[in-house]
Amino acid sequence: MDQNELKIPQHVAIIMDGNGRWAKKRHMPRTFGHAQGARVLEQTLEDCSDLGVKYLTVYAFSTENWARPFEEVQVIMNLFRDYLISAVDKCNRNNVRCMVIGERSRLSQDIIDSINNLENATKDNTGITFIVAINYGSRDEIVRAVNSISREVQEGNIQPGEITAETIEQYLDTRGIPDPDLLIRTSGEERLSNFLMWQLAYTEFYFTDTAWPDFDKNELLKAFEKYSSRDRRYGKVK
Ligand code: IPE
Ligand code: IPE
Ligand code: MG
């Protein structure tokens, strides 16, 4: 495709899937795949930033992933620990604003503190916004939003019957962030697995058989090429 025809999505969302299978194929423990996946994520953030993407949201740990073996959950949490600390300098050097979505109270206190510190330290950066979904589930996010709105109604701050789509958006973890333009899921699975169900209402979907640890700039460009050829009608006639 001619570089001039390539449309760069403003907001890219990624379900980073296939770490475990990738490792197993190499006769390594599943956690080896998560470590490689974390490195690929850092490179993908850089590639998205270089290509002019404004928001990158990645699914790192779902509300359902707690059901995995304890050791695997522990290794993933340790990867978050390391990342959240090293990311402060890296993001500031690269002008990246970092945010975390998901329900935090189930995370360890040191991880919660690192998230708050990273968000705070990078909040004024004006480059790409990098959003990491940790203990995130779309249904959980909507339930929390409904509970918050109910409290506002009870306190008389919102009138029943006056709740609009915009009201609901204000109470989602993604408030203030435009909806994703392109969703990428790696590793051959074609489902949402409880990711951003509200926000993906009009997003273009791209699925690839490539496992997340093998994802690279070439794969990213392939997804952007496919996205560029899509006709986004939003229910209208063109
Ligand atoms: C994605 O890879 C990472 C997380 C869900 C944390 P998986 O761990 O789901 O890898 P597969 O899908 O089992 O291969
Ligand atoms: C979705 O992947 C969650 C993340 C990538 C963090 P899963 O591997 O958990 O999804 P399922 O179980 O295949 O639906
Ligand atoms: Mg998986």
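This is a predicted model: local features need pLDDT of at least 70, side-chain atom pairs count only at pLDDT 80 or more; totals for chains, interfaces and linings use all residues.
**Two ligand sites and selected residues**

N95 lies in the loop between α3 and β3 (97–101). Residues are numbered from 1 along each chain as its sequence is written, chains are lettered from A and ligands numbered from 1 in the order in which they are written, and side-chain values use heavy atoms, with hydrogens and water left out.

The backbone of N95 deserves a note: its phi is positive, at about 60 degrees, although N95 is not a glycine. N95 counts as partly exposed because its relative accessibility is 29%; buried means under 20% relative accessible area, exposed means over 50%, and partly exposed lies in between, with a 1.4 Å probe and protein chains only. N194 likewise has a positive phi, of about 70 degrees, although N194 is not a glycine. The loop that holds N194 runs between β5 (182–185) and β6 (204–207). With a relative accessibility of 13%, N194 counts as buried.

The next topic is the first ligand. Ligand 1 is surrounded by 13 residues, of which the closest are D17, G20, R21, R30 and R68; a residue belongs to such a shell if one of its heavy atoms lies within 4 Å of the molecule.

Accessible areas come from the Shrake-Rupley method with a 1.4 Å probe, and for residues only the protein chains shown count as cover. Two or more residues of the shell around ligand 1 come from each of α1 (19–25), α2 (30–51) and α3 (70–93). Of these elements, α1 gives the largest share, 3 residues. By class, the shell around ligand 1 holds 3 nonpolar, 5 polar and 5 charged residues. In this division, Ala, Val, Leu, Ile, Met, Phe, Trp, Tyr, Cys and Pro count as nonpolar, Asp, Glu, Lys and Arg as charged, and the others, Gly among them, as polar.

The second ligand has its own shell. The residues around ligand 2 are I15, M16, D17, Y59, A60, F61, N65, R68, R185, R191 and S193. Polar side-chain atoms approach oxygen atoms of ligand 2 from S193 at 2.6 Å, from R191 at 2.8 Å and from R185 at 3.3 Å. The protein covers 77% of the 390 Å² of accessible area that ligand 2 has on its own. Strand β2 (residues 55–62) supplies the largest share of the shell around ligand 2, namely 3 residues. The shell around ligand 2 divides into 5 nonpolar, 2 polar and 4 charged residues.

N65, one of the residues around ligand 2, is found in the loop between β2 and α3. N65 counts as buried because its relative accessibility is 17%. A polar atom of the N65 side chain lies 2.8 Å from the backbone nitrogen of S62.

Two further residues complete the picture. I184 is part of strand β5 and is buried, with a relative accessible area of 0%. The C-alpha atoms of I184 and K222 are 11 Å apart, although 38 residues separate these two along the chain. P178 has its place in the loop between α6 (165–171) and β5. With a relative accessible area of 27%, P178 is partly exposed. P178 and K54 are 124 residues apart along the chain, and their C-alpha atoms are separated by 10.0 Å.

Conventions:
Helices (H or I, at least four residues) and strands (E, at least two) are DSSP runs, numbered from the N terminus. A polar contact is a pair of N or O atoms within 3.5 Å; within protein, one must be able to donate a hydrogen and the other to accept it, and residues adjacent in sequence count only if both atoms are side-chain atoms.
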